[in-house]
Amino acid sequence: MHTKIVQFILILILSPFLFGVINRTKAFFAGRKGSPLLQLYYDIFKLLRKGAVYSKTTTWIFVAGPIVSLSAVVIASALIPFTGYPSLISFDGDIVLFIYLLGLARFFTVMAALDTGSSFEGMGASREVQFAAFAEPSLFLSLAALARLTGSISLSGIFSSAVINSWAAFGPGIYLVFGAIFIVFLSENSRIPVDDPNTHLELTMIHEVMVLDHGGVDFAYILYGAAVKFWLLGTLLVSMFLGACSRGWGIDVAIFIFGMIFLAVIVGIVESVLARLRLLKVPHFLIIALALSVVALILTMR
Amino acid sequence: MVTVLLITIPLFFGVVSFFIRDDFMRRGVIVACSGAHLALTCFAWGKQDFGLLGGWFVFDDVSFVFLIITSVLFLGASLYGVQYLSNESGHFKDENKKHKIFSNEAVFSGCFLLFLSTMTTVIASQHLALLWVGVEATTLASAPLIYFHRTKRSLEATWKYLLICSVGIAVALLGIFFLAVANNNQSEMLLAKVIENAWQINIPWLKAAFLLLFVGYGTKMGLAPFHTWLPDAHSEAPSVVSALLSGALLNCAFLGILRGYQICIAAGLQSYCQEIFIVFGLLSILFAAVFILGQTDYKRMLAYSSIEHMGIITLGIGLGGGAVFGAMANMLGHSLTKAGLFFVAGNIFSYFKTKKISDIQGIAAGEMCRSGVLWMVGFLLITGMPPSVIFFGKFIILKEALLQGRYGVTVCFLITLAVVFIGMTRIFISMVQGVSAEKKSKSDLRQANAFWRTLTPVVFFVLAIGIGVFFPVWLTRALEAAAKGLGWF
Amino acid sequence: MEMPIDFVIVTVLLMNLMMLSSSRIRTCIQIAAVQGILVGFMPVIIDIHSILPGIIIISFFSIILKGMIFPGLLFRALREANIRKEVEPLGGYPLSLLMGVLMFALSFWLTSRLEYAQPLISYLAAPVSFATFFTGALIIVSRMKAITQVIGYLVLENGIFLFGAVFLGAQSFLVELAILLDIFVAVFVMGIAIFHISREFDHIDTHKLSELKDLITKK
């Protein structure tokens, strides 16, 4: 039991670190020195010490938004397994809860954005919802395909299954699942090519534009929530490679954390190499994920 | 040996005539080739010819009827076509010949003979995949023929023909593969062998295979929901080509379906196939009836009439029993009459220079009275007036439908036939009667009344009537033999 | 032994989807060519232990034809006919991509209803070859240019060839050659027709090829 709690705490502690890795990688590609690896921790602590300013037109929804989103994501992180070791909470069908917790987080972010009454944030919200409409089903279908492949319908069960890391046994479907989840992963975490986390042009932003009016503690929650979400979805990808190994808990955890860092490096490379898609093309990109996940699901139904 | 000659002679001369520069000689080659083809066909009559290539090319009882029709039609078309070419050649003289490797007429002649060769291949093929190759080849050989006039409209028709038929025939190829799977993956695709082993064939696969074959070759044959290329191609092609498409090509495509049907009969699926035949046959007649009623273009009207007749033939095969014989007779009559009608339509077009029905009046009254009379005679024959073979065929089909107690089919058949008759009467009467409005130039008249261009339809009509009246014993035997191959016991 | 075949087949399937979602004609031709090459290798891959010379020749010819000659012909038509480089689908790319996936689902369902006399080499072969066939048909129907219709025809043929290769193995050698020859001539003639169309109409948009109609369909 205590390893489970340690895993849970590790997720909460380590997730902001990955953003530092991404930024370092991008800086490396751009030939810059880059911000410190722990920059996001500094930002969060700085913001936590500040007060928030609330507009008079906003209601309690605006205040509740970041809090509910963060708590939903944190609960979701209790569901996600850690390199094949079962998660803090796991039961049959927790896949559905996991996805809907992420959905709840998004819902409250969107509501808070709409609550400000700002046209910019409303625009961001509409984009976020539109893209989520494509991303969410494909995440669902991908997990469904994984569930069919492994015969388990809980996240811990899927990733602890001994066969998950011998892909050959699954046939080609699992590659498609991986591709689909990767696209969803990029889109949900608002990375390039769907969204650019560094953009300063409001008209082209999606996620950033929704949180423009948040400040202080609220913004710290939002940043931290985004980092945890990155970890959660990243876990799905990395666990598909590493799965359950049995070299002892300590070594496995170390390998897994390195896997996550490696994923962050890959994301950094992707962001350095690719350009952001035109907004019109984004649904097209996400539909590819949807198509891949549907095909994968069909392939599993022999 | 005869079989091989029937295929290779037109093939060889077809390729050669691409390179013949002299118009006169090229035309001679066409006529000589078609004549030789008919002569060889008559020679092959009644002889068991085991062909070469392990029995891949043999004319059996079913296909022999098709061979006769094709051969006769091609001879007529070549005589008509030669005169047509010499009339048309004036139009192409001014075209810049520098950009072309072959002159327009050389392409026409070459493709004409290749068309004959590929069609004979289809008829002779006992190997199902080879039959497919032949059918696809007929599409390719005839596409340049449709584009003879080099106009936008003919190009559009050619493109539709090429694409729709190629895709349709691709479906048939899938059907052939299905058939091979049904046949337990035996690579033997000879018709006789497949029929021999039909008792152990896999039934669900065979059913799927027959459906695919039906849709595939049905597209080429112009059965109702897949007929869309047919009116365009028939109306835009030169009349002599339309005659061949309608009279010979559609039958050949039908032969492809019939081969599949023969296998299904042997596998005990006859009633399954018959239902398909009846439904699509009636549907085709219905489609044709609807479109003939409001038709404004007389060549399109003839094209829809072809769809109607394909429907009748399909229906006849579907009813089985004596109707198979009726269908064969109807096919014979349709080929002769429709080819003749297209020839006459070509003459009318040469004179009036329009395909619109409303622009033509009083053919029988003016200088074109010969064509007018022929047009009217052809109309009576194609709608099945008593002395015609078509009457005979339709009557037998109708009788069979009544005998089997299929009153619904009978009523549908009769009503649609009546609608077709009414629609065609309106068109033909309005074209033939009345006063011819203006006089055309002398050269147009000379072309339209040219000797061979009048004689060939006359001969075809006389044949259609003569067969209907006398029904010679040898022909009855041939048709009976064909019908026996198709489940008339 | 099963794995490489499955992978090739799934790659063929993914190429269908790529083709449906790619917006440039050039890319479409390339994808069709690569797909043709993959499909052309199928007869050899399937029975790697007993390769007959006939199979190798068929495989060789179809690879040459589909991988080099067809793309060459189409690129030539693209150049000479001066065609705009976009595909212009009816209903947009996302829709056609989803249609492609739907067709795969449909063909999966269809083929699951057929029973096979022999154990199959790959359970994916039949659905994917059907899906390829349907994708070709979809491209023909939903793309507006003559050249994309030819590409669709090629994809359709790829599907049929895949089916034939997987289910039938070695057919009669001459016949297969004749089929290939036929398809070659078909594409060749279509290429010529595209050239004529672009010259006569100044474009190869087949939706403008609508002079020939019946009155009833006009209304």
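From the N terminus on, chain C runs α-α-α-α-α-α-α-α. That gives eight helices and zero strands. Helices (H or I, at least four residues) and strands (E, at least two) are DSSP runs, numbered from the N terminus.

This is a predicted model, in which local features need pLDDT of at least 70 and side-chain atom pairs count only at pLDDT 80 or more, while totals for chains, interfaces and linings use all residues. Residues are numbered from 1 along each chain as its sequence is written, and chains are lettered from A and ligands numbered from 1 in the order in which they are written.

**Inside chain C.** Of its 219 residues, 50% count as buried. A residue is buried if 20 or more other C-beta atoms lie within 10 Å of its own, exposed if 12 or fewer, and partly exposed in between; C-beta atoms are placed from the backbone. Now take the contacts in chain C with a separation of 6 or more: residues 24 or more positions apart account for 77% of them. Two residues are in contact if their C-beta atoms, placed from the backbone, lie within 7 Å.

**Where the chains meet.** Two pairs of chains touch, and chains B and C make the most contacts. Here 38 residues of chain B are in contact with 38 residues of chain C. On the chain B side, α5 (128-146), α6 (152-182), α8 (203-221), α9 (229-236) and α11 (270-293) each give two or more residues. α6(B) gives the most, with 17 residues.

Chain C also meets chain A: 16 residues of chain C are in contact with twelve residues of chain A. On the chain C side, α1 (2-21) and α4 (92-112) give two or more residues each. The largest share, eight residues, comes from α4(C).

The table sorts both sides by residue class. Ala, Val, Leu, Ile, Met, Phe, Trp, Tyr, Cys and Pro count as nonpolar, Asp, Glu, Lys and Arg as charged, and the others, Gly among them, as polar.

| Chain C, touching chain A | 14 residues | one residue | one residue |

Chains A and B do not touch; their nearest C-alpha atoms are 20 Å apart.

**One residue in chain A.** A:Gly171 sits in the loop between α6 (155-160) and α7 (173-188) of chain A. It counts as buried because it has 21 C-beta neighbours inside 10 Å. Leaving aside neighbours within four places in sequence, A:Gly171 is in contact with A:Leu299 and C:Asp6.
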